[in-house]
Structure formats: C-alpha cells, structure tokens
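Thanks for coming, everyone. I have one model to walk you through today. Please have a look at it first.

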Amino acid sequence: MVASLTRRFGDLDVAEEAAAEAFATAVERWPADGVPPNPGAWLTTTANRTAIDRIRRENKRGDKQKAAQLVYDDDPPEPAGVIDDERLRLIFTCCHPALAMETRVALTLRMVGGLTVPEIARALLVQETAMGRRITRAKAKIKAARIPYRVPSAEDLPARVCGVLVVLYLVFNEGYLATGPGTDPVRHDLTAEAIRLTRLIRALMPEDGEVAGLLALMLLIEARRAARVSASGELVTLDEQDRGAWDAALIAEGHQLVRERLAAGVAPGRYQILAAINAVHTCARDVRDTDWSQVVALYDQLVRLDPSPIIVLNRAIAVAELDGPEVALAAVDRLADKLAGYHAYHAARADLLRRLGRSHRSRAAYDKAIELAGNTAETAYLTRRRDQLGLVPPGRDPTSAG
Amino acid sequence: MQYLVSVIDDTAGLATPEEDAAIDVFNDRLRAEGHWVFAGGLGSPGTATVIDSRGGEAVFTDGPFVESKEYLAGFWIIEAADLDVALKLAAAGSKACHRKVEVRPFL
C-alpha cells in the first residue's frame with residue numbers, strides 16, 4: 001500500500017504517513033462501525049484521501065503538488081482548494097503595495113512562479129547579484145515589517161487585486177516579448193505562469209470584470225504565439241501571421257470571457273477593453289476582414305480611461321488602417337517628446353513612412369527602432385524591413401527630392 | 001507588534017488649528033481601538049542639540065545631525081497586528097496631520 005501511494009504521490013514520507021493514519025483510523029472505527037465489505041479497498045481509499053489532504057496542506061511546488069493536482073482534478077470541483085488558497089496568499093504577499101513594483105514582479109516570479117534568481121535577473125535585465133540582493137531584502141522586509149501572509153479582507157480586495165493584475169500583466173508581457181537580447185524572443189514559461197496565476201485570481205473573484213478581462217487578454221495573445229515568430233526567428237506582425245496556426249481553443253475561451261463581460265453590462269476597465277480589441281483581431285479571417293472602426297472605437301474608449309502616450313500610439317496604428325497612414329503619422333509625430341526612447345514609436349513611424357513611400361525618413365526611423373529594440377525576433381524583423389527599403393528605386397521617394 | 005509612524009515635514013509652519021483638531025480625533029480613535037502607545041510633536045530642527053560621547057568626553061553640537069529639507073516633525077508609536085493594519089492607520093494619520101508619514105517596525 002505504501003508503494004502504491006508512493007507511486008501515486010511521488011513522496012515516500014507522505015505515503016508512509018497516510019498509510020499509518022489509515023490503519024489508525026481503521027483500528028478506531030472498525031470495532032464500532034463494523035469491518036467494511038472490502039477492507040483493503042477501504043484502507044487504500046482512506047490513505048489516498050489522507051495523502052491528498054496532507055499534500056494540499058503543504059504549499060510546495062513540484063512533483064508532490066503536480067500529483068495532488070492530478071488527483072484533485074478527479075474530485076468534485078471545489079471553488080478554492082487549500083493549495084490554491086496557499087498560492088493566493090503568497091501572491092498577495094509578493095504583490096504587497098509596501099514593496100517596490102520591480103521587487104513585486106521579481107518576488108512573484110521567484111516565490112510563486114518558482115523561477116531561479118538567474119532566470120529572473122535575465123528576464124528583468126538586472127545583474128544576478130543585484131537581483132539576489134533585491135529578493136533577500138524583500139524577504140527581510142516581509143519578515144521584519146510583518147507583511148501579512150493572507151488574502152486581503154473583502155473590503156481591501158478590489159484595490160489589492162488591481163496591484164496583483166499589474167504584476168501578472170508585467171510577467172506576461174515579459175514572456176510575450178522578452179526585452180533582453182540574451183533570451184528567447186518568446187518566453188513561454190512566463191506567459192504560461194502568468195495565465196495560470198490569473199486563473200487562480202479568477203477562481204477567487206469570478207465576478208471581477210478586470211480579472212476576467214486580463215485573463216481573456218492573455219489567452220487571446222497567447223493563442224497567436226505559434227504564429228508570432230517565424231522559423232528563422234523573426235517576429236511576424238499581425239497582418240502577416242498564418243491565422244490557421246492560432247490556437248482555436250484559447251481563442252474560444254478568450255471570446256467567451258469577453259462575451260461574458262459584455263453581457264455583464266458594467267463599464268469595462270482597461271484590461272477588458274484591451275481584451276475586446278484582441279477579440280476583434282482574433283475574429284477576423286485576415287487583416288482586411290478586421291473591423292478597424294471597432295478597434296479604433298475601443299481605443300477611443302481606452303484613451304478616455306488612460307491617455308498614456310503608448311495607448312495613443314497604438315490607437316494611431318489602428319487609425320492607419322481606417323483613415324490611412326498620413327492621418328496616423330500626424331498623430332504619431334505628436335508623441336515625439338514623450339516616446340523618443342521607445343522602440344515601438346520609431347517602428348510605427350518607420351512603417352507609416354514606408355507605406356507613404358518616404359524611404360529615407362523610414363530608413364532613419366528603422367535605424368532608431370533597431371537601436372532601441374532588445375527583442376531578437378523584433379530586431380530581425382525590423383532589420384529585414386529596413387533592408388527591403390533599398391529595393392525601392394531611388395527617386396521614387398517623394399521626400400528625398402527635398 | 002509596534003510600529004513607529006514618523007511625520008515628515010518640509011515646511012517651517014506648525015500644525016494649523018484644523019490639523020490639530022483632526023490629529024485629536026485620530027488619537028482618540030487610536031486609543032478607542034487599542035492601537036495607541038505614544039505620540040508627540042517635536043520642536044523645529046533648529047532647537048536640536050547633537051551629543052557625541054563616543055570619544056569618552058561628551059561633545060555638544062548645535063543643530064540637527066543631518067541638514068535636510070525634510071525633517072521629523074513628530075511621531076506616533078502604534079500597536080498593530082501586521083503591516084496592513086499599520087499602513088491603514090498611517091494613511092489615516094497622514095490625512096489627519098496633513099503631512100507625509102513613514103512607517104517602520106520596531107525590532
């Protein structure tokens with residue numbers, strides 16, 4: 001029995017303890033309740049339950065938990081099991097507002113995501129020793145200042161969940177478009193972890209629109225992962241992606257969440273609007289089939305909520321499809337002061353200038369974008385696009401004449 | 001668990017009567033809810049004297065030990081179960097005295 005339990009749970013201690021406890025329960029119960037019809041099966045079932053309970057009590061990742069998760073899935077669904085509660089407590093501690101934002105991201109990846117310090121250092125572009133010190137300092141602060149290890153009270157929950165969502169979105173984005181030249185362009189481990197943790201938060205707060213919105217957003221972006229980087233390691237933009245390679249199951253789940261939020265009839269927050277924008281993209285058979293007026297309308301809604309220059313930039317990119325590159329370029333150029341150090345600003349300008357046939361200016365913008373971009377796949381894409389400009393015969397560029 | 005809530009000021013002015021009244025209300029709440037340990041307002045940094053006896057003899061120096069734009073104007077010592085409770089109280093304290101505050105745990 002211990003062996004079968006060990007096989008099932010991958011841990012000898014758990015198995016031994018569970019078996020012993022099952023025998024003890026039998027000794028206690030059988031004299032009063034009578035011996036069950038199949039004593040062997042009774043013992044095994046009791047020991048299994050004991051082992052599952054014990055594993056649930058422990059907040060350890062790895063084989064034990066994976067095993068418990070497998071078993072757990074066969075059980076009748078419970079809204080939040082003990083394991084999930086433990087993990088949630090950990091998330092709220094790691095994302096505590098008394099910690100700096102960068103520390104929250106690092107600590108969440110370390111404590112909840114189980115990433116190593118070198119992995120986190122690479123992901124966040126920080127020296128390994130510095131990252132180690134930051135995590136050590138954060139743990140010391142949690143202990144000395146007594147940052148509580150618990151899910152916040154209902155009254156504080158909405159505000160605290162907002163902070164957690166910011167961290168999870170940062171983790172996801174780092175995986176989706178890794179900033180470092182030394183890492184894979186897409187870090188599936190990070191996107192998967194962010195999605196898994198967002199699902200946990202959703203189990204805690206199924207009614208929260210922004211939690212559903214963030215999950216939908218992540219799923220709809222993750223669905224396009226296989227089509228986003230070419231075999232040669234180059235970023236493939238939305239208009240050039242093989243839409244047949246998108247993950248239909250993730251898209252269906254994302255769309256379902258977006259529909260659910262629309263049906264709720266509550267004014268959406270930023271994640272819900274971003275999810276809706278991605279739902280429009282993933283509904284379209286190709287880039288021409290995309291409902292760009294809907295995309296721009298959603299960006300308008302988003303700008304009213306958060307008029308940050310990056311959102312204005314993304315709105316302008318959508319405007320190019322609706323009103324043409326000239327109108328879009330005027331909007332992008334107005335962001336020069338705020339986004340001069342942001343590679344996507346220069347990449348957007350380069351693309352619009354290219355479409356307007358202004359090759360020289362486009363080339364300069366591509367150069368700047370390549371200089372600032374860190375992601376290897378994006379650099380490869382921008383470089384190819386820039387070098388293709390050379391194929392345009394000289395004199396065709398209206399701006400080159402002066 | 002006890003926390004020091006330091007009141008950080010960068011103006012020369014003392015608390016206004018309205019601020020004093022709000023601080024009184026806040027202090028009453030601390031007492032009523034069992035968080036009160038001690039509190040006090042301090043004289044301006046210009047009233048400080050620095051003493052250094054590390055060399056054996058006490059050396060007295062006029063003025064604060066660090067010159068800075070921001071200085072400690074007063075403090076609360078509160079009893080709180082954890083940092084979440086302390087931060088909530090500190091947020092209310094900052095509102096009452098209309099100044100920035102800093103929360104630090106006692107060892």
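Helix 11 of chain A, residues 209-222, scores highest in the chain, at a mean of 97. Helix 4 of chain A, residues 63-74, scores lowest, at 40. Where pLDDT is low, the predicted coordinates should not be read in detail. Please keep that in mind when you look at those contacts.

Now the make-up of chain A. How many helices and how many strands are there? The count is 21 helices and 0 strands. Chain A has 402 residues, and 37% of them are buried. Take the contacts between residues at least 6 apart in sequence: 59% of these join residues at least 24 apart.

Next, the core. The largest nonpolar core has 104 residues. Which members touch the most others? They are V164(A), L168(A), A216(A), L217(A), M218(A), L220(A) and A275(A). Helix 11 of chain A gives this core its largest share, 10 residues. As I said, that helix also has the highest mean confidence in chain A. Now zoom in on L220(A). Leave aside neighbours within four places in sequence. L220(A) is then in contact with I251(A), G254(A), A275(A), N278(A), A279(A) and T282(A).

Let's move to helix 6 of chain A, residues 101-112. Its 12 residues reach 16 Å from first C-alpha to last, close to the 16 Å expected at 1.5 Å a residue. Which of its residues are buried? R104(A), V105(A), A106(A), L107(A), T108(A), L109(A), R110(A) and V112(A). After the helix comes G114(A), with a positive phi near 75°.

A positive phi also turns up at R146(A), about 55°, although this residue is not a glycine. R146(A) sits in the loop between helix 8 (128-144) and helix 9 (157-176) of chain A.

On to chain B. Start with strand 1, residues 2-9. Strand 1 of chain B is joined to strand 5 of chain B by 8 bridges, and the two run antiparallel. In that pair, D9(B) stands opposite Y71(B). Strand 1 of chain B also pairs with strand 6 of chain B, again antiparallel, over 6 bridges. There, I8(B) stands opposite K100(B). What about the two faces of strand 1? Y3(B), V5(B), V7(B) and D9(B) make up the covered face. Q2(B), L4(B), S6(B) and I8(B) make up the uncovered one. In a regular strand, side chains alternate between the two faces of the sheet.

Then there is a hairpin. Strand 3 of chain B, residues 49-52, pairs antiparallel with strand 4 of chain B over 4 bridges. D52(B) stands opposite V59(B). Between the two strands are 6 residues, and G56(B) in this hairpin takes a positive phi near 100°.

Two loop residues in chain B are next. K69(B) lies between strand 4 (59-62) and strand 5 (71-79). K69(B) is exposed because 7 other C-beta atoms lie within 10 Å, and the limit for exposed is 12 or fewer. H98(B) is found between helix 2 and strand 6 (100-105) of chain B. H98(B) is not a glycine either, yet its phi is positive, about 55°. With 14 C-beta neighbours inside 10 Å, H98(B) counts as partly exposed.

Last item: where do the chains meet? The contact takes 6 residues from chain B and 6 from chain A. On the chain B side, helix 2, residues 83-97, supplies the largest share, 3 residues. By class, that side has 4 nonpolar, no polar and 2 charged residues.

That's my tour. Questions, please.

Notes. Residues numbered from 1 in each chain as written. Chains lettered and ligands numbered in written order. Predicted model: local features only at pLDDT ≥ 70, side-chain atom pairs only at ≥ 80, totals over all residues. Buried ≥ 20, exposed ≤ 12 C-beta atoms within 10 Å, placed from the backbone. pLDDT = per-residue confidence, 0-100. Pairing = 2+ DSSP bridges. Contact = placed C-beta atoms within 7 Å. Nonpolar A, V, L, I, M, F, W, Y, C, P; charged D, E, K, R; others polar. Expected span 1.5 Å × (residues − 1). Core = buried A, V, L, I, M, F, W, Y, C linked by C-beta atoms within 7 Å.
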